[in-house]
Amino acid sequence: MSEAISVLNGATFDGFVSIKEAGLRGMISVRGDFAAASFTKAVSALTGADFPAVNEAKFAGDYAILWMSPDELLILCAYENAQADADKLAADLAGEHALVANVSDARALFAMSGELLREALMKLTPANVSEDAFKPGQVRRTRLAQAAAAVWMLEDGSVEIMCFRSVGDYMFKLLCNAANPGAELGL
Amino acid sequence: MLILECPYCGVAADETELSPGGEAHLVRQGPGSSDQELESYLFGRKNPKGVHFERWRHSYGCGKWFHAARCTMTLEVFATYSAQTPVPPKNVINAIKAKRPDWEGWT
Ligand SMILES: [Zn+2]
């Protein structure tokens with residue numbers, strides 16, 4: 001097996017918020033019937049996390065379950081375990097109307113932290129990222145400039161941003177530009 | 001700027017997060033229809049100044065298609081509702097009538 005490298009190999013930027021290409025992360029795309037207990041139980045059993053409500057993210061150690069749409073979840077896990085976890089979940093869901101795919105290598109992940117991160121985000125997205133509308137444990141799928149992205153807030157108030165790996169370089173440049181020192185909005 | 005609330009994820013989505021799908025509730029005309037019916041199905045659109053029913057897709061979000069009833073003149077949004085309906089639901093019709101008493105109604 002060749003050595004896997006994330007899209008920007010851990011590039012970082014220190015602006016008025018800190019940006020970091022977050023390296024390799026296991027990502028498993030799951031579709032299924034959220035109303036079926038067998039489906040929700042299998043997902044929670046794999047991750048140890050509660051099943052998320054609409055637009056929620058639930059975290060448990062290395063794992064997270066992100067609500068992506070009424071019939072789609074994204075499971076985050078350790079990169080090394082992604083294929084084994086996907087295989088295990090697919091086996092657990094055998095016979096169900098469900099689909100499991102390891103998409104780890106098709107995605108890029110960025111971490112953004114700093115007190116003013118909402119100011120950097122609001123330059124790039126039409127989504128409401130104010131404190132009232134976007135809180136820890138929430139996921140917002142939107143666009144950052146011209147690229148589709150999912151943004152979620154961790155318990156510590158930092159955010160992670162996921163996009164297609166093919167636009168990883170574009171995304172990093174967008175985030176760095178939005179976080180340029182001196183380019184604070186001063187709200 | 002137009003903001004529509006996606007009925008599937010509840011997100012107040014900006015127009016730029018959505019893809020337009022044109023007029024809603026078209027009835028498909030296929031084999032067996034007259035030339036005029038097919039032509040009207042393909043090309044004939046209402047284009048009203050006022051109440052209009054449209055299809056939209058939350059393409060930068062949850063990805064689901066949904067319906068919206070809005071005013072093309074004021075951009076007022078009366079309702080957004082499920083894609084799984086061939087006609088506007090009663091509560092949507094009522095919401096429009098409450099705000100546009102003179103509206104000629106949906107056909
Ligand atoms: Zn939606």
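## A salt bridge to start from

Let's begin with one pair of side chains: Arg141(A) and Glu72(A) meet in a salt bridge, at 4.0 Å from N to O. Please keep in mind that this is a predicted model. The count between domain 1 of chain A and domain 2 of chain A is one salt bridge, and six residue pairs are found in polar contact across that interface, both residues at pLDDT 80 or more.

Chain A is split into domain 1 (12-23 + 106-178) and domain 2 (26-105). Their C-alpha centres are 22 Å apart, and each of the two domains gives 15 residues to the contact.

Together they bury about 1,100 Å², with 64% of it on carbon and sulfur atoms. On the side of domain 1 of chain A, the most area is lost by Arg107(A), Val139(A) and Arg141(A), which together make up 42% of what that side buries.

## The sheet in chain A

Now for the sheet itself. It is open and antiparallel, built from six strands of chain A in the order E1-E2-E8-E11-E10-E9. Strands E1 (12-14) and E9 (139-144) of chain A are at the edges, each pairing on one side only. Neighbouring strands are turned by 20 degrees against each other on average, direction ignored.

Helix H4 (residues 168-178) of chain A packs on this sheet, and its direction makes about 15 degrees with that of E8(A). Strand E8 (residues 107-113) of chain A is joined to strand E11 (residues 159-164) of chain A by six bridges; in one of them, Ala108(A) has Cys163(A) as its partner.

Key. Residues are numbered from 1 along each chain as its sequence is written. Chains are lettered from A and ligands numbered from 1 in the order in which they are written. This is a predicted model: local features need pLDDT of at least 70, side-chain atom pairs count only at pLDDT 80 or more; totals for chains, interfaces and linings use all residues. Side-chain values use heavy atoms; hydrogens and water are left out. Two strands pair if DSSP finds at least two bridges between them. Helices (H or I, at least four residues) and strands (E, at least two) are DSSP runs, numbered from the N terminus. Axes are lines fitted to C-alpha atoms, for helices over the stretch in contact, and angles run from 0 to 180 degrees between N-to-C directions. Contact means heavy atoms within 4.5 Å. Domain bounds come from an automatic or database domain assignment. Buried area is the accessible area (1.4 Å probe) that two parts lose on being put together, summed over both. A polar contact is a pair of N or O atoms within 3.5 Å; within protein, one must be able to donate a hydrogen and the other to accept it, and residues adjacent in sequence count only if both atoms are side-chain atoms.
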